[in-house]
Amino acid sequence: IARLGIGHKYRDGEDPDEEMAAYDNNLRSLDIEILSRFSKLRCLELFGAPLNGRYPFLFNFPLLEKLRISSCIYLKWNLEMLAGLPLLKELYCHCNNS
């Protein structure tokens with residue numbers, strides 16, 4: 001999951017940063033929750049994705065082994081959320097606020 005074209009964003013998650021939500025309020029919102037249908041996902045990389053808030057479904061892939069989160073400044077998550085990834089072997093985080 002990466003940056004979107006100009007004029008697009010992913011729908012805000014739970015508890016979004018209100019300032020950022022107001023800033024990009026006029027952009028076309030795309031539903032990222034469709035990813036939750038990929039229950040057999042083994043690798044997920046979020047790079048510069050315009051995510052704002054918490055997205056619990058991103059941490060609910062029982063077969064996920066590799067998770068990379070880079071430059072997702074407004075994505076909110078914590079280590080407790082990794083409990084939904086029981087087979088996780090590799091976690092890489094870089095340039096994130098959470």
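In this predicted model, arginine 68 and glutamate 90 form a salt bridge (a side-chain nitrogen of Lys or Arg within 4 Å of a carboxyl oxygen of Asp or Glu), with the closest N and O atoms 4.0 Å apart. Arginine 68 lies in strand E4 and glutamate 90 in strand E5 (residues 90-94), so the pair ties together parts that are 22 residues apart in sequence. Helices (H or I, at least four residues) and strands (E, at least two) are DSSP runs, numbered from the N terminus. Arginine 68 is partly exposed at 23% relative accessibility, and glutamate 90 is partly exposed at 35%; buried means under 20% relative accessible area, exposed over 50%, and partly exposed in between (1.4 Å probe, protein chains only).

Residues are numbered from 1 along each chain as its sequence is written. The model being predicted, local features need pLDDT of at least 70 and side-chain atom pairs count only at pLDDT 80 or more, while totals for chains, interfaces and linings use all residues; side-chain values use heavy atoms, with hydrogens and water left out.

The structure holds 7 salt bridges. One of them joins the side chains of aspartate 15 and arginine 54 (3.5 Å, N to O). Aspartate 15 is placed in the loop between strand E1 (8-10) and helix H1 (18-23), and arginine 54 in the loop between strand E3 (43-47) and strand E4 (66-70), so this pair ties together parts that are 39 residues apart in sequence. Aspartate 15 is partly exposed, at 43% relative accessibility, as is arginine 54, with a relative accessible area of 31%.

A salt bridge is also formed by the side chains of glutamate 65 and arginine 42 (3.5 Å, N to O). This pair links distant parts of the chain, 23 residues apart: glutamate 65 is in the loop between E3 and E4, and arginine 42 in the loop between strand E2 (28-30) and E3. Relative accessibility is 27% for glutamate 65, which counts as partly exposed, and 44% for arginine 42, also partly exposed.

Beyond its neighbours within four places in sequence, aspartate 12 is in contact (heavy atoms within 4.5 Å) with Ala21, Asn52 and Tyr55. Aspartate 12 and tyrosine 55 are separated by 43 residues in sequence and by 8.6 Å in space, C-alpha to C-alpha.

The secondary structure comprises 1 helix and 5 strands, in the order β-α-β-β-β-β along the sequence. The radius of gyration, taken over C-alpha atoms, is 13 Å, close to the 13 Å that the globule rule (2.2 Å times the number of residues to the power 0.38) gives for 98 residues, so the protein is as compact as a globular protein of that length. Along the principal axes, the C-alpha atoms fill a box of roughly 40 × 25 × 20 Å. Of the 98 residues, 32% count as buried. Among contacts with a separation of 6 or more, 49% are between residues 24 or more positions apart. The accessible surface (Shrake-Rupley method, 1.4 Å probe) comes to about 6200 Å², of which 51% belongs to carbon and sulfur atoms.
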